[in-house]
Structure formats: C-alpha cells, structure tokens
Amino acid sequence: MSAYSVTEPSGRQKWIAGALVALYAIVALLPLLWIIATGFKTPSDSIAYPPKVVFEPTLEGYVNLFTTRTRQTPEFIAEHPPETWYDRIVAKYDMSIVGPSRYGERFMNSVVIGFGSTFLSVFLGTLAAYAFSRFKVPLKDDLMFFILSTRMMPPIAVAIPIFLMYRELGLSDTHLGMILLYTAVNLSLSVWLLKGFMDEIPVEYEEAALIDGYTRFQAFRKVVLPQATTGIASTAIFCLIFAWNEYAFAVLLTSGEAQTAPPFIPTIIGVGGQDWPAVAAGATLFLVPVMVFTILLRKHLLRGITFGAVRK
Amino acid sequence: MDRLAEATPATIARRVRGLSDRAIAWLFITPTIVLLLAINIFPLIWTIRLSFTNMRVNRPNEPIESVGLRNYVRILTDEGIWHTMQATAHFVFWTLFFQVLIGFTLAWLINRRFRGNEIWTTIIVLPMMLSPAVVGTFWTFLYQPQSGLFNYAVAFLTGADPSSFSMISSVALAPWAIVIVDTWMWTPFVMLICLAGLRSIPDAIYEAAECDRASTWRQFWTITIPMVLPFLMLAVLFRGIENFKMFDLVVQLTGGGPGSTTELTSINLKREAFEKWRTGYASAYAIILFVTVFGLASIYVKALNRVKQR
C-alpha cells in the first residue's frame with residue numbers, strides 16, 4: 001500500500017469503529033459466557049437476584065447432568081457415608097446416586113449420527129461434485145437446482161411421509177434411519193460447496209495425469225482428491241455442525257433409541273423446578289465443540305453458510 | 001506402440017482405458033440423485049397424495065377416503081391459520097429488518113480495517129453456528145423474570161423492576177422475545193455476507209470518486225450501497241427462507257405461546273400433524289407452505305438477478 005491512500009480510514013475512524021465492534025462482540029458473547037458460568041453454579045446461585053457474577057464454582061450441575069438421583073432420609077445417608085466426590089455432592093441435598101442419566105447416551109447418539117451422516121454426505125457429495133464440475137452432464141443446471149431446492153422444504157412438510165415410510169421399513173428411531181435422513185438433507189450443501197472447490201482446481205493437472213497414462217478414476221483419486229482436501233474438510237465440518245444441531249426431525253422421528261442431544265437437553269429437569277445448572281452444563285458440553293470448530297473454520301465460514309454462492 | 005498412443009486423440013485413449021467419462025459421470029451422480037429422490041421427492045409426492053384424503057395416522061382402522069380439495073379450502077378459509085401467517089410475517093419482517101440494519105453496520109465498521117478486526121469477527125460469528133433448540137432453551141433461562149440476565153440488564157438500563165415483566169409469557173412481549181433471540185443469533189450471517197460485498201469493491205472506484213470531489217455521503221449512497229446490494233439481497237433470501245420455516249428455536253423458546261401468540265406456521269403445522277394427527281389436512285397445509293416459500297423465493301431470485309445485471 002502506498003504511503004498515503006484516500007481509501008485508508010484515518011486513525012481516529014479506526015479507533016471508533018474498533019471500539020463499537022468490540023462492544024457489540026462483548027454484549028453478544030455475554031449470553032454464552034453466562035451459560036458456561038451457570039453450569040458451575042449451585043441451583044440456588046443460578047437463580048439468585050441480583051445475578052451472581054462472583055460465585056463459588058461447583059460441579060453439581062455436571063454431576064446432576066450425568067446421574068439420576070433419589071431422595072434419602074438423613075439416617076440412610078448417615079448409614080451409607082458417601083465414598084466419592086460426586087457422592088458427597090449429592091449427599092449434601094440428602095440424595096444418593098442411583099444410576100447414570102440418559103445424557104451420555106444422547107450425546108453418543110449425536111456423535112454416531114453426526115459422524116455417520118457427515119461421512120456419507122461428503123463421500124456422495126464429492127463424487128457428484130466432481131462429475132458436475134468436470135463432465136458435460138445433460139440438464140446439469142436443472143439437476144444442480146433440483147439438489148438445492150430440496151433444502152427449501154420445511155422439515156415438517158416431509159416429516160409426515162418420512163414418518164410413515166420409516167415405520168413401514170423399520171427405520172423409525174434407528175441410527176441408520178437418522179443417518180440416511182441427515183445425509184439427504186446435507187447433500188445439497190455438500191454438492192454445492194464441493195463443486196465450488198473442485199471448480200477451483202485447474203483442469204490441467206488432471207489432463208497432465210491422463211496424458212501420463214492415468215485412467216480418469218486414477219486421476220480423480222491421486223490428483224484431484226489430494227488437491228481438494230481443504231475443501232472436503234471444511235465441507236465435512238459444515239455437515240457435521242448441521243447434523244449436530246438438527247432438532248425438528250430428531251424430535252419427530254426419534255424417541256428412545258436414536259434420540260440425539262438437542263431434543264433431550266430441554267427435558268432435563270431437577271427435583272422441584274428446572275435444574276438450570278444441569279441444563280447449562282448439558283448445553284455447554286454440547287455447544288463448546290461447535291465453537292471450537294467455528295474458530296477452525298473461520299476462513300471458509302462465508303462460503304459454507306451461503307452454499308458457495310459467496311467466496312472470498 | 002508408444003508412438004501410437006501419443007497419436008491417438010486424448011478422448012479415445014481415455015475411453016479405451018477403464019470407464020468412459022460418461023459412465024463415470026453417471027456412476028458418480030446417480031447415488032446422490034437416488035437418495036434425494038427417496039428421501040425428499042418421494043415423500044413430497046406422498047404428501048401431495050395424502051393432502052387429498054382424510055387420512056389420520058392415529059386411526060389406522062378407519063377407511064381412507066378421497067376428499068378432493070376440501071383440505072385446501074378449509075385451510076385457506078381458516079381464521080386461525082391467517083393468524084399464524086401474520087405471526088410468521090411479523091417474525092420474518094422484523095428479524096430481517098434488524099439483522100440487515102445491525103449486520104450491515106457491523107460489516108461497514110469492520111471494513112474500517114482496524115487492528116484485531118478478525119478476532120472480533122470470529123467472536124461475533126459464534127452464536128450463528130450453535131444448535132437453535134439449545135439456544136432457545138437457554139434463552140428461556142435468560143428471560144426469567146427476576147433472576148434472568150436479560151431482565152436484569154433491561155432493569156439496570158431502564159430502572160424498571162426486573163420481575164415486573166416476562167418476555168415469554170406476555171402477549172405483547174413474546175413476539176419480540178423471539179425476534180431478539182433470532183437477531184442475536186443470525187445478525188453475524190448478514191454481517192459476513194455484507195463484509196464480503198464491501199471487500200469486493202475495488203479501492204480504485206473510491207479513489208476516482210475522491211478525484212471528482214464526491215462527498216463521503218455521496219460516495220456511500222452511489223458506490224457502497226449499490227455495490228453491496230446484490231450481496232445484501234442474497235443474505236435476505238437465505239434468512240427469509242430459513243425464518244419462514246422457523247421451528248426449533250421458537251418451539252424451545254416459547255412453544256408457540258402464550259396462547260398462540262408466537263405460533264409460527266411450522267409450529268402450527270407440527271401441532272396439526274403430530275399432536276392432532278390430522279394427517280391429510282396437515283399434508284395440504286405442508287404443500288401450501290412449500291409452494292409459498294418456493295414461489296416467493298423464485299420471484300425474489302428474479303429480482304436479484306436483475307439487480308446483479310445492472
């Protein structure tokens with residue numbers, strides 16, 4: 001940049017702009033920080049007035065999140081002294097742990113369904129994107145638009161027949177059923193994003209490989225795929241985040257076996273009113289991985305959220 | 001032999017070795033299309049068929065009869081559904097309004113290129129990527145009268161009593177409660193797209209305007225706004241479609257209440273389909289919604305293309 005440019009904002013302008021943006025960021029971040037903090041409060045601290053900023057941190061919320069407890073008489077507690085640190089925490093409330101809660105299961109369901117559907121949609125999406133990017137496919141634009149339009153449907157609109165169809169096929173409330181469903185929903189994103197990434201890889205590389213005697217398939221595997229790694233990885237993270245966050249299908253089509261965490265977290269209730277620290281703990285464990293991924297993804301974020309319509 | 005291979009045109013040589021391009025193209029595309037047909041199009045066609053019947057999933061022994069267009073007529077003349085449409089329109093309009101206003105302003109400020117702008121941008125973006133259902137759940141906590149952080153902050157700024165109002169259970173405030181959370185969550189989306197638009201404007205245009213002694217105000221209205229407009233319209237399209245379909249966030253936040261104040265169309269549809277089990281009726285409802293989204297989106301895309309061509 002030249003020493004003086006008319007388009008470069010002045011120092012004062014920059015300072016004011018920076019201060020305003022930082023102010024917004026801090027205000028916007030407060031709800032998230034508050035939830036993370038609430039996970040480490042006692043139930044009474046969590047609903048204290050005025051809201052407690054300084055408090056004695058406790059793991060009560062996390063213990064309550066992962067366990068089911070039952071109320072005991074003080075005599076029972078005296079006879080069976082708590083042995084572990086988490087037993088001691090619940091003993092303070094005259095309770096004892098009777099078993100694990102369902103949160104662990106729900107979380108694992110989210111992991112299995114999230115990764116399973118991400119793998120499938122990226123696998124299928126990569127193949128389709130390559131074909132759309134490199135070959136003359138009849139009705140290419142129509143097919144691409146068809147793929148995109150599947151995303152415009154309100155989930156509830158297709159949920160009725162999927163519900164009926166899955167009941168017939170024995171897929172309702174199964175991991176496989178949810179994996180297939182999320183794969184179908186994510187395919188539009190994965191094909192559109194990956195086509196954009198593939199379009200950016202120069203065709204000359206493959207042509208050189210073909211001249212060197214590679215078959216088309218070998219060229220795809222050994223030349224194009226390594227070049228597309230970044231694109232594939234960021235597409236995968238987007239698919240994973242979507243499947244991780246999805247709620248409508250999960251709440252309508254699963255109940256016991258294959259239910260993921262989002263429909264489960266709101267149902268966490270304690271004894272005598274909502275157990276906010278446990279809800280906050282569940283939300284924190286569920287949201288923090290996504291925050292980490294978002295930070296990793298920041299360079300490709302724009303592209304992902306616009307289906308590749310806007311690239312930087 | 002080698003010389004012969006060199007002399008053969010590339011396409012023929014390719015076809016001889018392994019699969020032809022055409023075969024590979026179809027091999028690669030077919031699985032995707034088949035899965036989409038099975039899980040999106042087949043159900044959609046099924047929904048259309050159901051929409052002309054009186055089927056109820058919870059009464060499997062009742063005969064399914066064709067009722068013609070009765071479901072459609074009922075929906076389009078139902079007062080309650082017009083009410084949910086109005087609630088949805090209120091939600092879509094105000095969320096778009098605030099998100100465009102705040103999102104564009106933030107992007108414009110970030111484009112002042114101050115030091116550390118990338119870190120702040122990343123922080124601002126975080127809410128957008130989170131699970132809407134979980135976000136809805138924890139905002140009910142922030143909206144608690146008395147102990148909620150939101151009520152406390154409002155009380156602190158205005159001097160009102162924090163237990164005197166409840167964002168979620170008041171008929172007057174609930175529609176705004178959902179607008180606030182959606183705006184908090186999705187403003188970064190509009191901001192990111194506007195930022196890309198602002199960064200796409202070459203410096204040279206402003207330099208030329210500066211030479212012509214155009215005022216900053218004039219530059220803003222004649223250069224910045226027109227050049228960002230296609231990006232902004234794209235952001236509005238994405239958010240418009242998403243918010244028209246809005247379900248997860250609002251269901252967890254207000255559950256459509258109080259009464260049916262915030263019962264958006266998707267929530268209303270879910271009630272008809274999965275609580276009242278009026279399958280045929282709900283199918284017709286779903287088709288009407290889909291056609292509405294699709295129709296509005298296509299009109300909008302035409303307008304967007306016209307703006308782009310200018």
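In this predicted model, 83 residues of chain A are in contact with 82 residues of chain B. On the side of chain A that touches chain B, helix α1 (residues 11-38) of chain A gives the most, with 16 residues. Sorted by class, that side of chain A holds 70 nonpolar residues, together with nine polar and four charged ones.

Chain B may be considered next as a whole. Its secondary structure comes to 14 helices and zero strands. Read from the N terminus on, the elements of chain B therefore run α-α-α-α-α-α-α-α-α-α-α-α-α-α, given that helices and strands are DSSP runs numbered from the N terminus.

What radius of gyration does chain B have, beside that of a compact globule of 310 residues? Chain B has 26 Å, whereas such a globule would have a radius of gyration near 19 Å. The C-alpha trace of chain B spans about 85 × 75 × 35 Å along its principal axes. Of the 310 residues in chain B, 39% are buried. Contacts along the chain may also be sorted by sequence separation: among those in chain B between residues at least 6 apart in sequence, 70% join residues at least 24 apart.

One helix of chain B illustrates how the two chains pack. In helix α6 (residues 117-125) of chain B, the residues W120(B), T121(B), I123(B), I124(B) and V125(B) are buried. Against which elements do the buried residues of α6(B) pack? From chain A, the partners are α1, α15 (276-297) and α16 (301-305). From chain B, they are α5 (79-110) and α9 (174-199).

T30(B) has its place in helix α3 (residues 21-50) of chain B. Is T30(B) buried, exposed or partly exposed? T30(B) counts as partly exposed because it has 14 C-beta neighbours inside 10 Å; a residue is buried if that number is 20 or more, and exposed if it is 12 or fewer. From C-alpha to C-alpha, T30(B) and Y72(B) are 35 Å apart in space, and 42 residues separate them in sequence.

Finally, the description returns to chain A. Its domain assignment gives domain 1 (59-102) and domain 2 (104-267). The C-alpha centres of domain 1 of chain A and domain 2 of chain A lie 43 Å apart.

Key
Residues numbered from 1 in each chain as written. Chains lettered and ligands numbered in written order. Predicted model: local features only at pLDDT ≥ 70, side-chain atom pairs only at ≥ 80, totals over all residues. Contact = placed C-beta atoms within 7 Å. Helix = DSSP H or I, 4+ residues; strand = E, 2+ residues; numbered from the N terminus. Nonpolar A, V, L, I, M, F, W, Y, C, P; charged D, E, K, R; others polar. Domains from an automatic or database assignment. Rg over C-alpha atoms; globule rule 2.2 N^0.38 Å.
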